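Please read it alongside the structure shown here.

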Amino acid sequence: MAVHVALTGATGFLGLRLLRRLLDTHRSVTVLAHAGSGDALHRIVRFFELTGSAPAFTDALPERLRVVETDLAQPRLGLPERAFHELADTIGALWHSAGSINLEEDLPELRRTNVEGTRHVLELAAAGRLRPRVHHVSTAFVAGARRDGVAYEDELDDACGFENAYERSKYEAELLVHDWSRTHGRPVVVLRPSILVTDLPPHPELPSHPLQVIERILREARGSTGAGGQRAGAPDIRPRVRMVGHPHGRLNLLQVEHAAEVMVRLAARPPSSGVDTYHVVHDRDVPVTTLVDVLQRLVPLSVELVASRPGAPTALEALLDFYPGTTAYLAHRRRFDDTRVRALLGASATSAPVGADYLRAGLAPRARTVPVPPGGAAAPRSVRCA
Ligand SMILES: NC(=O)c1ccc[n+]([C@@H]2O[C@H](COP(=O)([O-])OP(=O)(O)OC[C@H]3O[C@@H](n4cnc5c(N)ncnc54)[C@H](OP(=O)(O)O)[C@@H]3O)[C@@H](O)[C@H]2O)c1
């Protein structure tokens, strides 16, 4: 394929899978790596080695990847002016997957990476004489704090507010994309995945993913309240923790490999003249109770979903209160409409179910599970912000 493609965020959880897909159809890819964040080429090669790629493929990577060290937060991505323009002129398609997905980071910091970062990437696209096609990775969670009802692909507003600064920063980045497309008369594809998951067990050389972060928060909170130290042979006393959530809550979780495949296929479609936005989501949501059950098997806690914050929280509950932007998702019951994706890709956009076994595999290094009483789930809904 003649078009040369550049990718930001290629060392990330999603970016590595996008890179894998792009290398199926492109002889070479320019990796716009995070300057000062470790040897990107080595990390990429290790990912492919650890995930079973053929030696012939991994051996060829140093020759197929051109790594350019960049910093999203800096004007011209931190490059000298001449290098910036030389880079811009080589790019025929620009994938922007880099960003901070830290749900607990503060807004100014997230804006630097996610909003200013997007601005600088768009400046690169504007500077290139080949007028590169832009593929911007957003999130279905720009829908914000509306917990019920249906979020549509053509919606972009802040009417319901946001659960956390991450959502707001991604929303603001999408506004920039629309503005840029209008100003420059250029098409942009906006891809909005839901929560991405894997069944690949955690490994120190692999990027972590959002559910791993939640599992870590629970584990560390349990440990730091002293509830973790149990004598061998002692009965399993699971501290009870009340968390705000809906018993009929549900979340959209999608296999990261499938998401990358769908995204690359969507980006290959002829664009419209403006912004084409797609929800890259699973057709079946996962009950929050399933997720809670998976987490309870990994962290010895007994989670009780309650309608509102407990008046007299235990030490453990108070600790978890530091993560309201993360735990809010346990109360979500909304659905993401993906009519556009289904209209273009049909049944091939459908992926295998995401079940408890799949989720557990992606969270536990070994068979590190503990027995819990069985839970159940269902899922009605209504339309309002919270
Ligand atoms: N993971 C999900 O469930 C999910 C769901 C919906 C949408 N998304 C979106 O998908 C995109 C990729 O997410 P991910 O899961 O791959 O995240 P990730 O694993 O945290 O990867 C983030 C990537 O961005 C790079 N990066 C961060 N700060 C940078 C900077 N200042 N300059 C240059 N590069 C920088 C990182 O490089 P280093 O690793 O070297 O720091 C890494 O390659 C994000 O835009 C995110 O909002 C993700």
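Contact means heavy atoms within 4.5 Å.

## Basis of the model

This is a predicted model, in which local features need pLDDT of at least 70 and side-chain atom pairs count only at pLDDT 80 or more, while totals for chains, interfaces and linings use all residues. Residues are numbered from 1 along each chain as its sequence is written, and side-chain values use heavy atoms, with hydrogens and water left out.

## Domains

The protein chain is assigned domain 1 (5–196 + 252–280) and domain 2 (198–251 + 286–333 + 354–361); such bounds come from an automatic or database domain assignment. Between the C-alpha centres of domain 1 and domain 2 the distance is 29 Å.

At the interface, 26 residues of domain 1 are in contact with 25 residues of domain 2. About 2,200 Å² is buried between domain 1 and domain 2, with 63% of it on carbon and sulfur atoms. Buried area is the accessible area (1.4 Å probe) that two parts lose on being put together, summed over both.

Helices (H or I, at least four residues) and strands (E, at least two) are DSSP runs, numbered from the N terminus. Axes are lines fitted to C-alpha atoms, for helices over the stretch in contact, and angles run from 0 to 180 degrees between N-to-C directions.

Helix α1 (residues 15–25) packs on helix α8 (residues 256–267) with axes 9 Å apart and an angle of about 50 degrees. α1 is therefore oblique to α8; angles under 35 degrees count as roughly parallel, over 145 as roughly antiparallel, 65 to 115 as roughly perpendicular and the rest as oblique. R17, L18, R21 and L22 of α1 make the contact with V256, E257, A260, E261, M263 and V264 of α8. By class, this contact of α1 with α8 has six nonpolar, no polar and four charged residues. Here Ala, Val, Leu, Ile, Met, Phe, Trp, Tyr, Cys and Pro count as nonpolar, Asp, Glu, Lys and Arg as charged, and the others, Gly among them, as polar.

## Helices α5 and α6

Helix α5 (residues 107–127) and helix α6 (residues 165–184) cross at roughly 20 degrees, and their axes come within 9 Å. α5 is therefore roughly parallel to α6. The residues of this contact of α5 with α6 comprise 12 nonpolar, four polar and five charged.

## Residue R27

R27 sits in the loop between α1 and β2 (29–34). Its contacts, leaving aside neighbours within four places in sequence, are E63 and R64. R27 and L65 are 38 residues apart in sequence, and their C-alpha atoms are 9.0 Å apart in space.
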